[in-house]
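Please keep the sequence and the 3D view open while you read.

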Amino acid sequence: MQIPSGMFISEELRRRFAGATRVLVLTGAGVSAESGVPTFRGGGDTAVWKGLPFDVISSAHMVQQDLPAVWEWFDYRRDLLKSLEPNAAHKTLADWQHRFEDFTLVTQNVDGLHQRGGSRDVIELHGSIWRARCISCHSRYEFSAEELRPQECVGCGDAVLPDVVLFGELLPTGAFERAVEKAAACELCLVVGTSALVYPAAGLPELAKASGAFVCEVNPERTPLSDFCDEILMGKAGEVLPLFAESREP
Ligand code: APR
């Protein structure tokens, strides 16, 4: 494994990693970048779909205006995902669920790559691209890459939309509350591959820090969270996270 040049995990972070029992990891689009999933904002660009910025096409307002166009955008992203595989970062985080007594993986991603990488019980703050929900009775329908997505609600016959949190919508009840509980109780919090611009997700590391946790950021770029972290590892998640495997009890 190629150690990214200049990548250095401090003795303190190795010691804390080796000795931790309660660990929370928050991930964003960057953790899937090495699998080929485009990020939304990294590198200074903003994702655009047919001339519409992603935060317009992925909005509750757009659902009112043109639901078929919203589906087209999510169908395109799901098709992209069908040929992509989880990367070393997803697989490493799946291993960590067996390593720590109390491990919590919170993601902003809707791509399902954590689960395909072996992670269980992932807290999906922004929903999943592999589910649809009814616009009126809120029934949810899970479907796989091989299956066609539902065209309408089997229960009440009304329209369905992607079961993701659209701009202008609240987070699914329960998911965020669970994440807050775990963030307030963790000893070590890693923030991996997020621009930390979208709240309330970006508030979780702040809460963890305020509750006494050691906070480490993994990102090739600085974010608004960087100055706030106890340690930043400026590199790609798929290259940096496997380096923790060498962390052993002193
Ligand atoms: N490893 C780690 N981080 C990476 C990598 C990588 N290989 N490649 C890019 N990054 C970083 C970028 O530097 C950037 O800071 O990942 C971050 C991606 O940021 P965004 O595209 O803003 O994604 P995210 O933070 O997940 O966005 C939050 O906003 O668009 C909404 O609902 C959407 O969940 C998303 C939310």
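Ala196 has its place in the loop between strand 9 and helix 7, where helices (H or I, at least four residues) and strands (E, at least two) are DSSP runs, numbered from the N terminus. Its phi is near 55 degrees, a positive value in a residue other than glycine. With a relative accessible area of 6%, Ala196 is buried; buried means under 20% relative accessible area, exposed over 50%, and partly exposed in between (1.4 Å probe, protein chains only). Pro200 is found in the loop between strand 9 (188-192) and helix 7 (203-210), and a cis peptide bond, with omega at about 15 degrees, joins Tyr199 and Pro200.

A positive phi is also found at His138, where the angle is near 60 degrees. His138 is in the loop between strand 6 and strand 7 (140-142), and its relative accessibility of 48% makes it count as partly exposed.

## How the model should be read

This is a predicted model, in which local features need pLDDT of at least 70 and side-chain atom pairs count only at pLDDT 80 or more, while totals for chains, interfaces and linings use all residues. Residues are numbered from 1 along each chain as its sequence is written, and side-chain values use heavy atoms, with hydrogens and water left out.

## Surroundings of the ligand

The ligand is surrounded by 22 residues, and the closest of them are Phe40, Arg41, Thr194, Ser195 and Asn219; here a residue is near a molecule or strand if one of its heavy atoms lies within 4 Å of it.

A polar backbone atom of Ala237 is 2.9 Å from a nitrogen atom of the ligand, and a polar backbone atom of Gly30 is 3.5 Å from a nitrogen atom of the ligand. An oxygen atom of the ligand, in turn, lies 3.3 Å from a backbone N or O atom of Gly193. Taken alone the ligand exposes 740 Å², and the protein buries 93% of that; such accessible areas come from the Shrake-Rupley method with a 1.4 Å probe, and for residues only the protein chains shown count as cover.

In soluble globular proteins, nonpolar side chains tend to be buried together. A nonpolar core is a set of buried Ala, Val, Leu, Ile, Met, Phe, Trp, Tyr and Cys residues joined through side-chain atoms within 4.5 Å. In this model the largest such core has 27 residues, and those with the most contacts inside it are Phe74 and Val160. The elements that give two or more residues to this core are helix 2 (54-57), helix 3 (60-82), strand 6 (127-134) and strand 8 (160-164), with helix 3 supplying the largest share, 9 residues. A second, separate core of 26 residues includes Ala20, Leu190, Leu233 and Ala237.

Trp73 is found in helix 3 and is buried, with a relative accessible area of 5%. Leaving aside its neighbours within four places in sequence, Trp73 is in contact (heavy atoms within 4.5 Å) with Trp49, Phe54, Ile57 and Ser58. The side chains of Trp73 and Ser58 make a polar contact of 2.9 Å, and the C-alpha atoms of these two residues, 15 residues apart along the chain, are separated by 8.1 Å.

## A buried glutamine

Gln97 sits in helix 4 (residues 88-99) and is buried, with a relative accessible area of 19%. A polar atom of its side chain lies 2.7 Å from the backbone oxygen of Gly118. Apart from its neighbours within four places in sequence, Gln97 is in contact with Phe103, Gly118, Ser119 and Arg120.

A disulfide is a covalent bond between the sulfur atoms of two cysteines. By the rule used here, a pair of cysteine sulfur atoms within 2.5 Å, the count comes to 0 disulfides.

Cys153 is buried, with a relative accessible area of 1%, whereas Cys156 is partly exposed, with a relative accessible area of 42%.

Definitions and conventions:
A polar contact is a pair of N or O atoms within 3.5 Å; within protein, one must be able to donate a hydrogen and the other to accept it, and residues adjacent in sequence count only if both atoms are side-chain atoms.
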